[in-house]
Amino acid sequence: MKKIVAICILFALLSACQGNDKFVLRGSIGTLNKVMVVTKASNWNGDLGTIIRNSFGELVVGLPQPEPVLKVSQIAPAGFNSMMKINRNILVIGTADKDEFYVKQNIYAKPQTIVYIYGKDNASAIAMFKKNEEKIIQTFLESEIKNTQNIFTNRRINNANYKTLNSLNIDFTIPDNFRTVEDTGNFLWLRQHLKSGIAKTGSNNILIYAIPLKDETKVAENIVAVRDSIGEAHIPGSDQETMHMITEEAYTPYTQETIVNGTKAFETRGKWEVKNDFMAGPFINYSVIDKKNNRVIVFEGFTYAPSVNKRAFLFELEAIGKSLKIN
């Protein structure tokens, strides 16, 4: 009788952990943009570890302080236990019977991205990592963007509340901790107050507007001029007569072509400053080509957070910018 009761209890526990014949995965853990590398200590302390750290440690463009694209930690395969397996971003790299590179999602937890790299020997493993380096980094970053957007979806602002988003007929996934500074119907400025640095003050800011698409071949070269004109018209300093936001003159922004929700766009990263003042910080700008409506939709996020690292703040703005949908 006791065996029957025990079997029934076990069955009930298993059923509670299942849905559609699959175990319910635990929630993943991990710091934003951090990857746990599963490899032997000898690999990590040798050439393989050096290459991974140098690759993931490349500095993010446009930040005032040096911050890496991805942070890393290492654990040996023997220590890769059930607690370690629920990390959100994992790179498994080592030797096996054949050279392999593949990605799996949600194996031990959810959300989770695991990249596997194997080589027949250490030299082959290093070669496989180098061959797929850019794809590996993008896999982790895109996963983090998606995860951040999913978090924001659960507390997103109703876009119908904004005249500018309605008139431009566009949609963004913006979390509800942003407040309206200006909403004219043609220009939207939202601000999220941050607690950072010695003074415990700072903000994340979003600008959304559209400009006519006159010549697609010149969109990229005009981004700085457009954002400076917007800064002069809408983003004043403490003295509205002599101060306004401009692109930092001592730092040339970096622009590259990209895709935002299937639409051609240009991503620009750089630094902003307030003319004749001491305020400054990083920005990210997406100029999205909307050929159907003969316009360029511009999303810009900029951060003011004195005395602290700004990578995480700017990454959240990047996730919001990449959520753009043209209705």
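Q: What is the volume of the second largest pocket?
A: This model is predicted: local features need pLDDT of at least 70, side-chain atom pairs count only at pLDDT 80 or more, and totals for chains, interfaces and linings use all residues. Numbering runs from 1 along each chain as its sequence is written, and side-chain values use heavy atoms, leaving out hydrogens and water. A pocket is an open set of points on a 1 Å grid over the protein atoms alone, where a 1.4 Å probe fits, with protein on both sides within 12 Å along at least five of seven lines. With volume taken as the space filled by probe spheres on points joined across faces, edges and corners, the second largest pocket comes to about 260 Å³.

Q: Which element gives the largest share of the lining of the second largest pocket?
A: Lining residues have an atom within 4 Å of a point. Among them here are Gln105, Lys110, Thr139, Glu142 and Asn150. Six residues, the largest share, come from H5.

Q: How many polar residues does the lining of the second largest pocket have?
A: Its lining has one nonpolar residue and three charged ones. The polar count is eight.

Q: How much space lies in the largest pocket?
A: Its lining has 28 residues, with Gln138, Leu141, Gln256, Glu267 and Arg269 the closest to its centre. The space comes to about 880 Å³.

Q: Which element gives the largest share of the lining of the largest pocket?
A: Helix H5 (133-153), strand E15 (254-260), strand E16 (263-274) and helix H8 (311-321) each give two or more residues. The largest share is nine residues, and it comes from H5.

How values were computed:
Helices (H or I, at least four residues) and strands (E, at least two) are DSSP runs, numbered from the N terminus. Ala, Val, Leu, Ile, Met, Phe, Trp, Tyr, Cys and Pro count as nonpolar, Asp, Glu, Lys and Arg as charged, and the others, Gly among them, as polar.
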